[in-house]
Each structure stands twice: as C-alpha cells, then as structure tokens.
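Hello,

I am handing this structure over to you. Please look at it first, then read my notes below.

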Amino acid sequence: MKIYLRLLQYIKPYMPRLVLAVICIIFASAANLYVPWILKDVIDEVLTQKDMVKLNTIAAGIIAIYFLRGIFFYGQTYLMSFIGQRVVIDIREGIYRHMQRLELAYYEKRKTGTLMSYITNDVAALQGALIDSLIEMVTEGMILIGSVAAMFYLDWKLSLLTFITMPLIAHTMKIFGKKMRSASATLQERTADITSVLQESISAERVIKSFVREDFEIDRFNRQNFSNFRAQMRTAQLTATLTPMIEFLAAIGVTVIIWLGGREVIEGQLTAGALIAFLIYAVNISNPVKRLSRVYSNIQKALAAADRIFAVLDTKPEIKDAPDAIALPSIKGHVTFDKVGFAYKEGEPVLQNVDIDAAPGQMVAIVGPSGAGKTTIANLIPRFYDVTEGCIAIDGFDIRTVTIASLREQIGIVPQETVLFNGTVYDNILYGDLNASEEQVIAAAKAGNAHKFIIDMPEGYQTQIGERGSKLSGGQRQRIAIARAILKNPQVLILDEATSALDTESEQLVQEALDKLMIGRTSFVIAHRLSTVQRADMILVMEKGRIAERGTHEELLEQGGLYSKLHQVQFKSND
Ligand SMILES: Nc1ncnc2c1ncn2[C@@H]1O[C@H](COP(=O)(O)OP(=O)(O)OP(=O)(O)O)[C@@H](O)[C@H]1O
Ligand SMILES: [Mg+2]
C-alpha cells in the first residue's frame, strides 16, 4: 500500500490526463457492456415480435457505438501510454540523479550490473505495470462491475448463486499472488546477476584471454544462466497452475447458470433473451477475472521492482553537504591534516595519526610501499571519503563545513587509473572545464604534452578514443587526463602516479609540464619513482598508514632511514 501511494506521487502531475484517460476507458469498455443488452432486445422484442423497424434502429445503433468506441480507444491508449512513459522517465531520471549523489563507497559495495539493472530492468517492469496493467485493470474492472450489475438487474437470485464461486477464486488468487511475488523477486535478482557477470567479464575480456580463462568464464556464466532458468520456470509453473485452476472454477459457474437459468426459463420466470444476455455477461466476467489475475501478477512484479527502486532512492548519501555548509571561497591552497585517521572498514585502520601542513604553493610528495595509504590520503582531500578521526582543513576551513561542489571545483586530480569517456579527444579535455574555449583546450593539451600526438592522429582533436579511451596508449591516456586537470586550473593539485604509464622520455616531457602546472599551486604528488619527487618541498614517507619520515630529499637521505634505503635500491637499479 505504501509503495502504491508512493507511485501515485509520480502520477500526480499527470492527474488531468489520467482523468481524461479513465473517461475514455470507461466509454470504450461501456460499448462492450452494451452489446449483450442489445442481443436481449433482439431476441425478446425483434425476433419474437418480428419488428423490422426496431431491427434497423438496433443495427444502426451497433455501428454508431463501435465507431465511438474506436475514438475512445484511441484516447485511452494514447493518454495512458503518455502518462506511463512520462512516469517511467521521471522515475528513471530520479533514480539516476540520486545515484549520482551517492558516495564512492556506495558503488564499491555493489555490483555494477545490479546498479544498472535498477535503471533498466526494474524501471521497465514498472513501465509494464503502469501502462498495460493500468489500462487492463480499469477496462476489465469496468466490464466486471458493469457485467455484475447487469446480471443482478436481470436476475438477482441467479446472480447470487453464480457468485458463490467467487470467494474461491479470490482466495486462490491471494495465495498465488504471494508466491508469485517472491518468485518474481528471485527472478529479477537472477537476471541482475547475469548482467553483473556479463558486465564484469566483457570489460575484462583482455584479462580473460590472457589467462585463457574463456571456459572458466563460460562455466561461471552458465551457472548464472541456469539459475535464471530455474527462477523463470518457477514463475512459469505458478502461472501455468493458476490459469487452469481459475478457468475450472469459472466453468463450474457457467454450468450452474445454464442449469438453474434454464429451469427458470422453462418455468416462465425469465425470458430467453435475458438468459442469453445473462450468460454472456457471466462469460464476460471470466475474461476480466483471467486478465486481472495476469495483471495482478504483473503488478506483483512491478511492486518488487518498485521496492528496489525506492530502496535506492531512500539510501541517504553518507557524504553530503552539512546543513549549514558554506561555499568555499577562492582558496590559496593551505592544506592541513590534523591527526587524521581513516578506515574503509570499521576496525581496519588504513591511516593513523597523519599530520600534514602544506603551505600554499608547496609541493608535497608522498612515497612509500604499495598499500601504505598514499592514494587514501589523496582520496580524503576532495572528500571521496570522510575522515574517521581528526580533521582536514583548507585555508582554515574544515572541509566538512563547506559544500562538496565548491571544494571539488578547486581540486584537480590526475588519478592512478586514468578513466576517459567514449567520445572525442577534445570533449575529454573539455570535461575539465565545460566553459573553456577552443584555445584554452589546446593550450591545456600543449601544457600536458599531449598536443603533438593529438594532431598527429588522422582526425586530430576530433578523434574518437573508444570506450574508456581504449584506442589510445596508456601514456596517451595519461597525458589527456593531465590536460583535463590542467584545464580545470585548480588551486590544489593531486597527482597519483601521474607519470607511471610513461616511458622515460615522455615522462620527462610530462614532468616538465607538471612542473609548470605545479607553480603557484599546492600539489600532492604520489610517486613510486623517487626521481620525480626530489624537488619536493616536503617528502612524506608512508609506511603501513603512518607517516614514517618527513623532510626534504637531502634531509631524508641524511637520516638514513626508509627513504634512503628506497633511494639506494632505485639508484642501484638505475645504475
Ligand atoms: N576502496 C577501498 N575499500 C577498502 N579498502 C581499501 C580501499 N582502497 C584501498 N584500500 C586498502 O587501503 C590500504 C591503502 O590503500 P591505498 O590505495 O591508499 O595504497 P597506496 O599507498 O596508494 O598503494 P599503491 O602504491 O599500490 O597505489 C590498502 O591496504 C588497501 O587494501
Ligand atoms: Mg595508490
């Protein structure tokens, strides 16, 4: 019921259209109701009294009724589709919009395929329920009510006897409805599982091939495919049982009518025309009952889908603007970490007691072994995650007290794993500042040392780079990502292994570009190759989530600790 009311909220804006649609449906189905009544007149008056004039009137009447019915049918279908599709668009937009607001951790906890299935499969299930089921429900409901009313008018005693079978049908439907609902929930989950497996394996095709794991993946897919089959069969089985059961009950009802009604006609209590009309009405209601039971199961499916959709909509973003958040004013770039602690999962601290004080314009390098927490530090500055202890401030503003948008607008990130969008080179750089001019885009590409290889490509800046930039080399992707960050012109810059995919020569080129870029900006540079961080104003050496050493290159070498050891190893291998 709560789900219904919530869905109704979405229909509300289209109320006037809905009223009009329902009027159309009522008139269109009224035509169906009128025909048995006419038949009664034909038998009792025209045929028994041989009245030619009345026959003509009735014939003309039928043609007129069906003509009007066509017009109303058009109105009903058009309006209902309009409302249904609009509601679906609104819900789809709403769920996508909401998902965009949810923090990264939400996405990490869920499978991509499952998330995609909310917007595709679940919304589609709602669509079916809203358009087709609603039309059928109103039409068949009308026919049902109208037929029942006509039956009572014709012969109430016979009607009462007929409807003894009704509670039986209702009870059966209720039991099946419950089973159907749980079966279709399972089905939707299995379908989502297939999407998940597909999504993952298709995007990892290169890895699958390199490990020759095609058969392994086929097995994995088949398991999901088969459990989808089982779920499908379960719902099919339920439908297959429900339909004949209801039909059998209906047949019993018809037999009762023929037997009792026939007796009344023989005894002269009922006219032959009235019995025929009564029978047609009675058979008429078996149709709506059948269809309504189908609609009922569709609605159960839709409700299960709506349940999942609303669950997403009800997920509160954990990282959001504080109620009294202010816009972060244009910053100088003084970034401080005060005893910062952080854990992705409770009880498993990844950062402990991290203190950093980066003055505006300084270059802070973060080095250390893999898994030490370098990327994690970078993730905390734009609030991809919130610190679990301590505080991060920019220019004295605790970053949790300013709006996320105003914070992230002023931070540029070149991530460890470059992600580009399907589209042109130009559009990918423009992503950094949607209002930038063509000159600015090209200047950014030049600064990122990307301009040269871009204009060497056959279509230059208009080259399509493929899904996630798959048509470019790793180094080219990285340089475009750098150009994108340059275009954003942020005051705080985070470079996470920004040169890791480059050869020594292009690394030098990119390094030059980055050096220029870093002037006047506070930058956090994460690097494995120590050669890139020697000029840093401050080097932080991370070890197991703590800052083990800090200082300039020379100071750290003198200390003779972890940094100098790392340096020695790299220096030797360089030699
Ligand atoms: N999204 C996440 N959820 C849970 N744990 C995570 C997540 N990201 C990282 N971790 C864990 O946090 C720790 C620090 O990871 P982080 O990515 O900060 O390391 P890193 O120093 O950047 O390593 P690398 O040099 O390999 O990039 C690791 O133990 C890692 O397993
Ligand atoms: Mg990292």
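The notes cover a helix pair, some strands and a ligand site.

This is a predicted model, in which local features need pLDDT of at least 70 and side-chain atom pairs count only at pLDDT 80 or more, while totals for chains, interfaces and linings use all residues. Residues are numbered from 1 along each chain as its sequence is written, and chains are lettered from A and ligands numbered from 1 in the order in which they are written.

Helices (H or I, at least four residues) and strands (E, at least two) are DSSP runs, numbered from the N terminus.

Helix 2 (residues 15-49) and helix 3 (residues 52-101) have axes that come within 8 Å and cross at roughly 160°; axes are lines fitted to C-alpha atoms, for helices over the stretch in contact, and angles run from 0 to 180 degrees between N-to-C directions. That makes the two helices roughly antiparallel (angles over 145 degrees count as such). Their contact contains 23 nonpolar, 2 polar and 5 charged residues. Here Ala, Val, Leu, Ile, Met, Phe, Trp, Tyr, Cys and Pro count as nonpolar, Asp, Glu, Lys and Arg as charged, and the others, Gly among them, as polar.

Strand 1 (residues 335-345) pairs in the antiparallel sense with strand 2 (residues 348-358) over 7 bridges and with strand 4 (residues 389-394) over 5 bridges; pairing requires at least two DSSP bridges. Ala343 is opposite Pro349 in strand 2, and Val335 is opposite Ile394 in strand 4.

The shell around ligand 1 divides into 3 nonpolar, 6 polar and 2 charged residues. Helix 11 (residues 374-380) supplies the largest share, 3 residues.

Regards

Note on methods:
Angles under 35 degrees count as roughly parallel, over 145 as roughly antiparallel, 65 to 115 as roughly perpendicular and the rest as oblique.
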